[in-house]
Structures are given as structure tokens and as C-alpha cells.
Amino acid sequence: MGLKKLFSRSNKKQPVTSRTVLVNGRPPEEMSEQLTMPHYINNQIKSSKYTWFNFIPKNLFEQFRRIANFYFLIVTLIQLSIESPVSPMTSILPLVFVVSVTAVKQAYEDWLRHREDNKVNNAPATVLRDGKVTEVRNQDIVVGDVVMVSDEEGFPCDLLLLLSSNPEAKCEVTTANLDGETNLKTFVCPGETEHLHTPEDLWDMRAVVECQLPHANLYDFKGSLEVYRGNCQPAKTPLATDNLLLRGARLRNTAWVYGVAVYTGKETKMALNLKMTSAKFSTVEKTMNYFLVFYLVLLVVEITASTLIKYLDLRLPLQELWDMWYLPVSVDIDVPVKDIVQDTFSFLVIYNYVIPISLYVTLEMQKFLGAMFLEWDNELKGGEGNERCKCNTSDLNEELGQIKYLFTDKTGTLTENTMFFRQCSVDGVKYVSTDGEIQQLNEDNNNKELAVSPWPTALEDFLVTLALCHTVQVTSKSKAKGEVTVTSGDTMCMVDLSHRYQASSPDEKALVEACASFGVVFEGQHKDTLVLTVQGHNRRYTRLQVLDFDSDRKCMSVVVREDWSGRLWLLTKGAESSVLRRCRVQSEKEQRLHDATATHIDDYALAGLRTLAVGRRELSDHQYQLFATQLSEARMMMEGREEAVRKVMDQMETELTLLGATGVEDLLQEGVQETLESLRVAGIKVWVLTGDKVETAVNIAYSCGHFKRFMTVLSLTGLQDVEHAAARLQQCTQESQAEGNYGLVVDGSSLQVLLDNLKDDFYSVCSRCIAVVCCRMSPKQKAETVRLVKKSKERPVCAAIGDGANDVSMIQEAHVGLGVMGKEGRQAVRCADFAFAQFRFLKKLLLVHGHWYYVRVSTLVQYSFYKNVTFITPQLFYAIWNAFSTQSVYDSLALTMYNITFTSLPVIIYGIFDQNIPAYVLMEKPHLYKNNANNAGLAPPRFLKWTLLGLWHCSVMYFGLMLTCADDTCGLPGGQTSDLFLFGTTLVSICVIVTNFKLILEVRYFTQIFFWSMVITLVGYVALSLLYQGFIIDFFGNQGVYWTYYRMFESCSLMLASILLTVTCLLPDVVDQVILASRDVRVTQESHKKLQAVIPKSYVGISNDAFVYDEGRSAWEVTRVSNTPNSHRTHTALATAPNDSTAAHSPAMQQLTIENLQKLDNKTMTFGETVNLDTIMEESSIWSQESVVI
């Protein structure tokens, strides 16, 4: 769509599909029609939510959108509108307290945001206005302004690069603040601005930018630049991501740059990305809502029953009621509707406290403060920058203790993402990297390494292609720690290249460094000229095009021209599945080379190496010109650009000549094996989702312990149609139904067929497998796989962990998203709920912090409902005694302060600090994680137990106190009689003590903070009662309870009854805690030490071949050591294959295989080593008293 048509006045109502920017804010004079430009926002950043004027109404509106807060608001309004049985302050003060605490917290957070906004908005910026360089505030920059940025400064908005101090019209930028990538990235000026040199040239330029509307994708920018030079036909050049300087990035190694502002303020990509929020809810929150619904229904039942019984008693009065002359009882009485409504609302007022008003604010404070302790854990600190764990949300803390499935990426998550060149295949011959030199492997002579001198032409072409086909940047030698030296014989020696090359991909960096160590050194790039040193001789190439890698083509290419010969080459490298099918196979020689290379690639994959295939094609000038024209036209398109560009690239990346393949090693991260073993014992099923080919992924799965040698690995790969998939799936179903331990391998193409047509049957097979590996996965397929398990009928809690942008989809799809601070950027970290530096930290995050969080939160929720059941149920008991007259047994102070101060502080401290089991025990005994599985802490039996204990406590307190006061005197001096206020004051005093002591019984980790919180609570209750009942305050209307608390201490009977009733209330709790303590792992640990010891005497190494089970047999000598001296027996047997039906599938063997022998796998044992198996035996539930043949 042309600019004139888009912005002419007659078409201004048409929907806008792109953004037009006038450079310097001035339209070109050569345009015949004046443009009608839309109004763009300024560059002001506003992350704050409130202002001084709208804070109160807006904050109140947001808070009362919560159902609980709205419920208590309605109750408060009802109290104010009726003759309330208790003071309206009993609802007003708690509600005001809860709302105020939340408001203060949100106000403070918003003040911090305001402060940061002001710093950014008022920071100085340099712009070009009226032909002069002028300093303005950041917030005053508008779209179309030309902005100058100096070295080491950040970009104030999204700028289209126009001019650079670098003579090559480019600049270096670090985007660590955006995506976490620490390597420098190169951005270039559009071709039509390369001739500009000064700010005056920029001011004189007349240009129009047409680009996409603002969106959040950091890696997508498409547009065009039209430059007018005195005629109506402008010069037009395409714009791409490498022309756009993003806000949040920082200029490096470049004196200055000028760019035109295209996106400002909240429309910058960084600001749009800040809007990414999580809408996830934890299992505890969902269960808590069910509890609330239950108590709301119970509340309605109590109100309805009380109202009906009251008026039924008046119609059919009991004899006791007839004797009460002060009650208006008459069979002929007419009941007005107004009275029924009054009584219904009155019952609502006195019963509504069964819903804990402080639950949400208590839970919010507990989660917020608890998340800080996770970030402060020094044992979760690591990585290159020694980074701490990061919590992007505290709403899912307790969900870490409920994980049933873990979906993990491989590269950069299980592995280091630090690549090392190991082997390559060139012209059907294997080569290996040895001490920085390339040597040939003689496969006919037991893979003997042979020196290569001189180099074959094919090997030189292969290495030159690798040294040219990339986007690696060379840092200045003054800043590089590595040096390249030439020794005698033209041999290149690399001292240290780790800082000489900068690359966005670790694979590219490893390949370029390897070539340099072999003698093909990439010296750098000057404009479009690439300089190589090949065995001491300089070569120059002109790079004409870069065809970037994308996940659909799975390859990248460059077009270069040899300066000395003028020959044009298209150089390509990428996944073998993509490159091999693009290579020409027209002769027997080419077929042999193709087959040999494919075989070598499979060998590298079985060795756990990452593989790439390499090819090239010579182009004629005509072919290149046609290709360049088509590519330029495709890149000018605003809609459908990706598809058009991909189509042109596919046309060129054909008829390649296969050069060879590479094998690069990606080392496993520290502690991966131990972490996977612990998660398996904890009952967490792990699925590895990777883009690697099947052989590579499976071999890594074995080396990291994901697949075990005793497993039967099922395969669902190479499925092309539904019939084939159904037949193979049926076969796997039949195999997996037999007893045994199974793993599963599935590739991306097969997975798509299964998900589209056989989803339920596929999941059924997966659910019976201990470990699953999915290969050749796209980001979309990763998310679909997570959704498959997440939406299954079991509804398990799923977590996904990854480190790259391709993992974001599955991280956001999972219930809990986990990001690894790796080398593929920070997009996964930004989108995750929790992030940390290394995979091994996952063990403590889940087994320790997840366990603690869940136990704390579940106990807090149960306790919150329990204490209100204990407190408010006596209101119902008393209603029976007072003929449902809506009289409250408690004074207003108790109703007001019970949830605010009498019971709130200790449970918050408990929720932050309690550790029901020490961290070292949870780390050593991962199976304890299962104790909380399936939301066990909030399961119906637990909920029923807490509720019954609450009913027991309130029944003992109420009826015991009624019995104590049965003689009317309660032991008061001078024959004084007790009254309702004394009864209620004593009752609430016992209730406060019992509920707080109940929490003490739940505590497993006593701290001084908890002790003093309990002291403050109990002493504060006493002090407040003495103060409130010691003075008459008309505002509170406390005349009835005046001096009551003091009178309570005058009665020895009440004091003794209070002690006895407290003990009686808590007696079942004490018994329950004693029983639980006897089952505590720390108590049972001593008894396990007396069990027999099993000592493995020998171990046979296991073959590294992925699918060969015969070679995975082990010989074990299992010894039973008796506790009595001089008794020692030994039994030895040979292990059977993992599919042996008599051994591997027996129940005892299954238990040993899954839990007990996991720590005795090939990576944890050495020959002849004596190992103590106490820990493993504690995890087992089946042990033979004699020796067991494994």
C-alpha cells in the first residue's frame, strides 16, 4: 500500500496496518500530497498504576473485586443498615485493617515505580532539532526525532540506526538488559544512509520510514526506508532487525550513533514485554476456594436453620418458653416480613466470622516474604555471574511442592551449552581434533590417529567454508585475551580465543575457534570484506548475502565472492535432516559420499555429539543477480515477508555439493545425574523435549541417567501416517502393559501424527513409562506436549524448564515455569515463574523449598479455617440457649480483633520460618517429597480432621464453661453471679489460648522470632483486654464489659476451669502429634541403621551404545552381613537382561530397580568399591532377609 493512498484524507478511515515515520518530523518536499500523520505518544515511561488523585478510588475498586473483600463489604453495609446484634465496628475495623494493609503495600510499591519512572523520564537525551544538536528530557522525545547516543549510553527509545561514527556504518551493542546475552551484537545502517557523515547531512535528508505497528517480539522488525533526492521516485531500501536499536540496550565500542525514533514510550519493545504477566493459580488457591464455598454454604444453612427454628419456636413454643414472661410468645402472633429480614441479616452478622477475613492478606504476606528467602539462599547461587535465584512471582511458591511431571529442554539446561569441536567427516573420511590439531582417523586400523600433511583439497574447502559461513564478530585485539601466533611450518597456534570471537550461537563460536586452531583463522570483517588466514596465507572474500538461520529451514547460508578469482559461492551449514536433502546426488561417487557422511553423522550422534552438515554451491553472476533481486523484493514486503523470503532462500539452497559434517560436544552440567535420580525417587516423571536428532538425544539420556540400562525403551519414531502410527502404538501399548520399567522415544514428525489422531492412546503409553524423550521438537510441539499431560484426566501439576527463547512456549504453558540463566538469552528467564543458574539447583528448589512452602501454606490455610470454626461455633451453641434471639456471646472487641491481632502474627511467622523436616534430610531422602503429592495437605481427610478438632475444641470450651457456671456464682467473691459478659470474656480467653497453643503443636522448627511472636500475641491480648475493659469508652459502647476481665481473675473456679478446659481441648492434638512424631523420618532413621548392609563387590562397565541392551549387563556380588560376629554369607549371580521376565519384572526386583538401585547406576559406582546402602535401604519397602540376585 503506497504512502499517499494510506494517508490521504479520503482514506483516513481505513484500518492502519503499518506505521509511517517522517525523519526529522518533516515530510519530503517532493511528495505531491501532504501526509496526514496520526498522533503518536511521547517517550514518557509510566510503570506506575496510581496517581495522587486516583489512588483511593482505583485501589478500593481493585481490592473489592476480590470475592472475599466484597463479601465482607456487603456484611458491613448490612450491619450499618439494620439493628445489628453487635457493633458495626466488628466488621468495619477488620475490613479497614485488611484493606489498609494491602493499600499501604501497593502504595509503597507504586511509589517506588514512580521514583524509577521519574529517573528515566527526566534523564537527559540529545536530539537533532532545527539543524542543531539539542539536549532535552527523555520523555520529550517524539516519533521522528533524530537522537544521538554516545558510547556506553543506553538507547532512550527504539531507534532506526541512520549514522554511525564507525566508518563501516555499523555499531556494537549489548542487549544483556533485554535478553541476557552478554556477547556484543552488530547493528548496521540501511544502505541508503551509508553515504551520510555529519548531523547536518541527517538534517538535510528527506526520508520516510514505513514499518510494523508496535509489537513485543524483540527479534522481529520489518519495514522500508524511502529516501527522496530531488525527484518523486524515492530510493527504497528494506529494514530488518539488525537496523533497529532497542530501548534497554547499550552502545559499545562506538563513539556515537544517530537514529530516528520509531517507537517511543509504552510502545517500545521493552515496555511491551514488561506487560507479560502470569495468570496462573496454584493448587492450594483452587482448593482454598472450595473451602470458602463449603463454609459459605454452611453459613447459609446455619442462617436459614436458625431463622426457621426461631419462628417455629414462636409458633409452637416449648414449655420453657412459656415460662419466660419477658419473651413475646403467642400462637396467634403475626410475624412481619421486616422482622424475618432483620433476623436473617442478624444471624448473618453473628455467624459470618466463620469466613477468615484475614486469610488473603495473611497468605499474601506469607508468600511475598517467603519468596525472599528463596532468593537469599546462597546454595542456589551460581553460574558465570554468581547469580541468585530469581522469583518473578510469589503466587506459585507452594506449587513447587506439587510437581508430578517435569518437562526439560536439553541444550543449555541439562548441558552446559559450551561447545567443543571434537570430530568431523570430510569427503567420507573421519577427522578428529587432538590438542588443537586436526588428525585423520584410520577406521581400518582401530581408529588410529594419523597426521594430515599436506591437507587434502576437500579438507581445506571444508574448513574454509566453516570459517566463512557464520555471523561471528571479532573483538579488537586490544580487548581480546586470545592471541594467534604463526610458528615455523605455517602452523597456527591458538593461545586463548575465548574472548577473541563473539557469537550469538555457541556452535558457531566453537566451529570458528576450531578452524582457527587448525590453521584457518577468521581475522575479521571490514564492511563486506571477510579476511581469512589459511595456513599463513591471507585470503579475502566479499560477503554479499547472509541467509539467517530459521527453525523451518534449519540451516543458514552466506553468499561470498573470492576477491582473487571472482567466483561466487553459496555456503550452507545446518541440521543434517535439512542440508543432506538439499545436496545433489547424481553420481555413484556422490551417493557413496552421501551414505558415508550419513553413517558418520549417526556415529557422532551415538557418541552424544551435536551434528551439522556442510555444503556449498557455485553460482553464476546471472543466478546471483536473479536471486538478489528476488530476495530484495521479498524483504520489501510488509505482509508475508517471512514466507516470501523463505521461498526465495529455498530456491537457492538446492543442488548443493556435500562437503562433510561436524560433531560438536556439549558437556553435561554439574549434578545433572544426581538431580534426575532424586527427582525420579521423589515421584516426578521427567520428559526431555529437545530439537536434537533421535540418536543424540537418546545417548545423552543414557549418559545423564535419564534412561537406565534396566529399562525397556519403546520407540515411536519415523511414523508418517495414521495407520502406521496406530499399529506401532498398539504394539507399544501391549509391551508396556507387562510388568517392567519402560522408557519411550518419540520424534517430532511422529508426535504430530499422534497428537492429531491418537492423543489419548499415546498419553496412555507415556503414563506407563518412567522416562520419555521427545526429539526434533519445535517450540509449538513442546507446548502441545505439556498441554497433553496438563489436560489429562489426572490433571497433574506440570513444570517446564528451559533456557532459550524456543522454550518460552512450554514454560508459559506449564503450571510452573522454570528458567535457567544460560547462554541462549534471558527470554526464558523473563517469562518463567522462577529462574536460577544451573539445573542442579532444581533439586533443592523442589525437594526442600517446594516441600517447605507447601507444608507451610497448607497448614496456614487449614489453621485459618480451624481457628474461625473454633471461635464462631459457640455463637451457634449460644443461639440454642437464647432461643435464637440473635444475641452474641462475644463482645465487640473479640469479634473485631480475633483475626487481626489475637491469632494473626504467629501463623505468619510460622508460614515464613517453619521447617517440618531439615533441609539435609529432604535432600538425602527425596522420597519424602511424595508425602505431599496430590495436594495431600489439603485433602478431604485432613480438612475433616482440622474441622473436627475445631468442633471438639469449641464444644469442650463452651459446654465445659457452661458446666462451670451452672451454680450461677462461678466461685466469685461476695456471692456475685456471673453474667453473659463474664461468660463471653472467659470463653474468648480460652479460645485465644487454645488456638495459639494448637499452632505451637504444629510447629517443627522453633525460632526466637516465633517464640516472641507468640509472647507478643498473648501479652498483647491481655494488655488490650485490661485496657478495653478497664475504662468506659462511649465510642466503643463497652459499658457492659466494664471490669469484666478483672472479675474473671477473682474466680478461682474460672481460672482452674480455664486451665483444665485448655488441657482437655488440646489432649487429642497432643496424642495426634505424638503419633505423627513417631513416624517422623528423624525418629525412624535410628531403627533403619540396624538393618543389614548390602555391599556391592564388583561392577562391570556398561557400553555406551544407546539401544544395545546385551552389553549393559552387570555382575554383582551381594553380601548379607549379620549383626552377630563370625556370620558372613555370600551369594553371587549374573544379571539378566532388562526384559527378563523372572528377575527384572518381579515385584521385589521392581522396587529395587526403581528406587534402591538408582544410586548404583553406571555413573555412581566404580569397580571394587565398597558402598554404604543405608540410605537406599531406608527408601525401600521390600527387602529380602537373604541375599537378592540382581
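Patches are made of residues with over 30% relative accessible area and no salt bridge, with like charges joined within 9 Å and nonpolar side chains (Val, Leu, Ile, Met, Phe, Trp, Tyr) within 5 Å. A salt bridge is a side-chain nitrogen of Lys or Arg within 4 Å of a carboxyl oxygen of Asp or Glu. Accessible areas come from the Shrake-Rupley method with a 1.4 Å probe, and for residues only the protein chains shown count as cover.

The model is predicted: local features need pLDDT of at least 70, side-chain atom pairs count only at pLDDT 80 or more, and totals for chains, interfaces and linings use all residues. Residues are numbered from 1 along each chain as its sequence is written, and side-chain values use heavy atoms, without hydrogens and water.

**View A. A nonpolar surface patch that includes Phe1031.** Leu93, Leu1027, Phe1031, Ile1033, Phe1035 and Phe1036 make this patch of about 580 Å². Phe1031 sits in the loop between α32 (1008-1030) and α33 (1044-1050). Helices (H or I, at least four residues) and strands (E, at least two) are DSSP runs, numbered from the N terminus.

**View B. The cis peptide bond between Ser453 and Pro454.** Its omega is about -5°. Pro454 belongs to the loop between β19 (448-451) and α12 (457-468). Most peptide bonds are trans.

**View C. Asp130, a residue other than glycine with a positive phi.** The value is near 55°. Asp130 is found in the loop between β2 (124-129) and β3 (132-137). Asp130 counts as exposed because its relative accessibility is 66%; the cut-offs are under 20% for buried, over 50% for exposed, and in between for partly exposed (1.4 Å probe, protein chains only).

**View D. Glu655, with a positive phi near 55°.** The loop between α17 (641-652) and β30 (657-668) holds Glu655. With a relative accessible area of 39%, Glu655 is partly exposed.
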